[in-house]
Amino acid sequence: MRKIDAMSLAMVFMLICLCFSPNHAFAQSKGPPTEMIKGAYQEILKACDTNKDGKLTMQECRGMWSDKTKAEKECKYWDANGDGTITEEEYIAQVRKIMK
């Protein structure tokens, strides 16, 4: 697993998509389309889902950061229900919270 800030990578990916989208009038909506958020999550999975089960375990999530304190904080945020895994549904919901 690469030591990258995948959550930051996903946010940058989403912003790039927003800037070049022909329908970028997000001021009237609640952020990026769900399909765009799902695409960002899939990019994170490609980089970090070592067991290829389609979700991130806390260990996979923590592996993205070299700073253990930041890793704990970020992973706990994205694991919204606290069950130890970050699913696509949780990721979408948490992105929507950020974008409000």
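This is a predicted model: local features need pLDDT of at least 70, side-chain atom pairs count only at pLDDT 80 or more; totals for chains, interfaces and linings use all residues.
Helix α5 covers residues 88-99, where helices are DSSP runs of H or I with at least four residues, numbered from the N terminus. Residues are numbered from 1 along each chain as its sequence is written, and side-chain values use heavy atoms, with hydrogens and water left out.

**Along helix α5**

- The buried residues of α5 are E88, E90, Y91, I92, Q94 and V95; buried means under 20% relative accessible area, exposed over 50%, and partly exposed in between, using a 1.4 Å probe and protein chains only.
- R96 also lies in helix α5, and with a relative accessible area of 22% R96 is partly exposed.
- From R96 to T34 is 62 residues in sequence, yet their C-alpha atoms are 9.2 Å apart in space.
- E88, another residue of α5, is in contact with K38, Y41 and Q42 once neighbours within four places in sequence are left aside; contact means heavy atoms within 4.5 Å.

**The nonpolar core**

- The largest nonpolar core has 19 residues, and L56, C61, M64, W65, I86 and Y91 have the most contacts inside it. Such a core is a set of buried Ala, Val, Leu, Ile, Met, Phe, Trp, Tyr and Cys residues joined through side-chain atoms within 4.5 Å.
- Two or more residues of this core come from each of α2 (34-48), α3 (58-62), α4 (68-78) and α5.
- Helix α2 gives the most to this core, with seven residues.

**Cysteines**

- A search of the whole structure finds one disulfide, defined as a pair of cysteine sulfur atoms within 2.5 Å.
- That link joins C61 to C75, with 2.1 Å from S to S, and it is left-handed, with -100° about the S-S bond.
- Because C61 lies in helix α3 and C75 in helix α4, the pair ties together parts that are 14 residues apart in sequence.
- C61 is buried at 0% relative accessibility, and C75 is buried with a relative accessible area of 0%.
- C48 is in no disulfide, and the nearest cysteine sulfur, that of C61, is 8.0 Å away. At 1% relative accessibility, C48 counts as buried.

**Charged pairs**

- There are four salt bridges, each a side-chain nitrogen of Lys or Arg within 4 Å of a carboxyl oxygen of Asp or Glu.
- One of them pairs E35 with K38, with their closest N and O atoms 3.8 Å apart; the two are three residues apart in helix α2, about one helical turn. E35 is exposed at 57%, whereas K38 is partly exposed at 26%.
- K46 and E43 form another, at 3.2 Å from N to O, and they too are three residues apart in helix α2. K46 is exposed at 58% relative accessibility, and E43 is partly exposed at 32%.
- R62 and E72 meet in a salt bridge of 3.5 Å, N to O. Since R62 lies in helix α3 and E72 in helix α4, this pair ties together parts that are 10 residues apart in sequence.
- E88 is buried yet has no salt bridge, and K38, the nearest side chain of opposite charge, is 4.3 Å away. Here Lys and Arg count as positive and Asp and Glu as negative, while His and the chain ends are not counted.

Terms used. The expected span of a helix is 1.5 Å times one less than its number of residues.
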